[in-house]
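Dear colleague,

Here is the structure I promised to hand over to you. Please look through it once, and then read the notes below alongside it.

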Amino acid sequence: MNIVKIIGCKKSNTLRQIIFVCFLVMLECQILQMGSAIYSKDFIAVPGYISDIQLSDTTITKKGVRNTYQYTIHWNYEGKEYTKKKYSLNSTPDENISEVWINKDNSDAIIYSPNELSSQVYIFGLISVIAFVVWLFMYLKAETVKYDEEIALNVLVAGGLGTVLSLVAVAITAIAYNEKKDGNAYQVYTSTVMLVTSTIFLIVCLILTIMAKVETKRLSSRL
C-alpha cells in the first residue's frame with residue numbers, strides 16, 4: 001500500500017483539511033476530558049463558592065486571544081472551611097455557584113460536577129465522529145489527480161513541516177510533564193496524554209517524511 005499516493009492523489013480542498021484538523025482537535029479534547037471525568041468520578045458535592053476572580057494571563061495565538069483566569073474555591077467540609085486557588089482557561093468561572101465537588105481525602109476541589117464532565121466526553125466524541133465521517137465522505141468524493149513526483153514532493157514538504165512542529169510540541173509537553181509529574185492524578189494524566197500524543201504525531205510525521213522522500217527519488221529516477 002502506497003501511503004504517499006493515498007494522501008496526495010486527491011485534489012486539495014481547504015474545507016476538507018479544516019474538517020480533518022477539527023476531528024483531531026475534538027479527539028484530543030475527548031481524551032483530555034476523559035481524564036477529568038475519570039479523576040472526578042468519586043468526587044462528592046459540598047457547600048462552596050468562589051471568589052477573587054481575576055484575569056491571570058492573556059496570550060495571542062493563531063486561534064485568537066486566550067485568557068486564563070485565576071480564582072479561589074471556598075468549601076465547607078465536616079465543619080471546617082478550606083480554600084484552594086484554581087485556574088480556568090478561556091471561560092470566566094461562574095461566581096454564583098453554591099456548591100463544589102471535592103475528592104475523598106479533601107485535598108482538591110472543582111467547580112464542575114462529575115456528571116457534567118462525563119457528558120462532555122460524549123459530546124466531544126460525537127463531534128469527532130461526525131467530523132471524521134464528513135472528512136472521509138469528502139475525501140472519497142474528491143477528484144483524483146495524476147500521481148507524480150510533484151505530488152510526492154508536496155507530501156514530503158507537509159511531512160517535514162509536521163515533523164518540525166511535532167518536535168516543538170514534544171519539547172513543550174516534555175517540560176510540562178516534568179513539572180506536573182509530581183502533581184495530582186489529573187495533572188499527571190493530562191501532561192502524559194499531551195506528551196504521548198505529540199510523540200505519536202512526531203513518529204507519524206517522521207515516517208511519512210521518509211516514505212515521501214523515498215517516493216520522490218523513485219519517481220524522479222523514472223524520468
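This is a predicted model: local features need pLDDT of at least 70, side-chain atom pairs count only at pLDDT 80 or more; totals for chains, interfaces and linings use all residues.

Residues are numbered from 1 along each chain as its sequence is written, and side-chain values use heavy atoms, with hydrogens and water left out.

Y71 also belongs to the largest nonpolar core, whose ten residues are V46, I50, Y71, I73, W75, I97, V100, I102, A109 and I111. Such a core is a set of buried Ala, Val, Leu, Ile, Met, Phe, Trp, Tyr and Cys residues joined through side-chain atoms within 4.5 Å, where buried means under 20% relative accessible area, exposed means over 50% and partly exposed lies in between (1.4 Å probe, protein chains only). At least two residues of this core come from each of β1 (44-61), β2 (64-77) and β4 (99-102), and β2 gives the largest share, three residues; these strands (E, at least two residues), like the helices (H or I, at least four), are DSSP runs numbered from the N terminus. A second, separate core has nine residues, among them V4, Y147, I151 and V155.

Helix α2 (residues 14-40) has 27 residues and reaches 39 Å from its first C-alpha to its last, close to the 39 Å expected at 1.5 Å a residue, the expected span being 1.5 Å times one less than the number of residues.

How many aromatic pairs does a search of the whole structure find? The search finds seven, a pair being two rings of Phe, Tyr or Trp (its six-membered ring) with centres within 6.5 Å, called stacked if the planes are under 30 degrees apart, edge-to-face if over 60 and tilted otherwise. F20 and W135 form a tilted pair, 5.0 Å centre to centre with 45° between the planes, and this pair links distant parts of the chain, since F20 is in helix α2 and W135 in helix α3 (residues 114-141), 115 residues apart. Of these two, F20 is partly exposed at 29% relative accessible area, whereas W135 is buried at 18%. W75 and Y82 form a stacked pair, 5.8 Å centre to centre with 20° between the planes, in which W75 is buried at 2% relative accessibility and Y82 is partly exposed at 27%.

Ring pairs also link F20, F23, F132, W135 and Y139 into a cluster.

With best wishes
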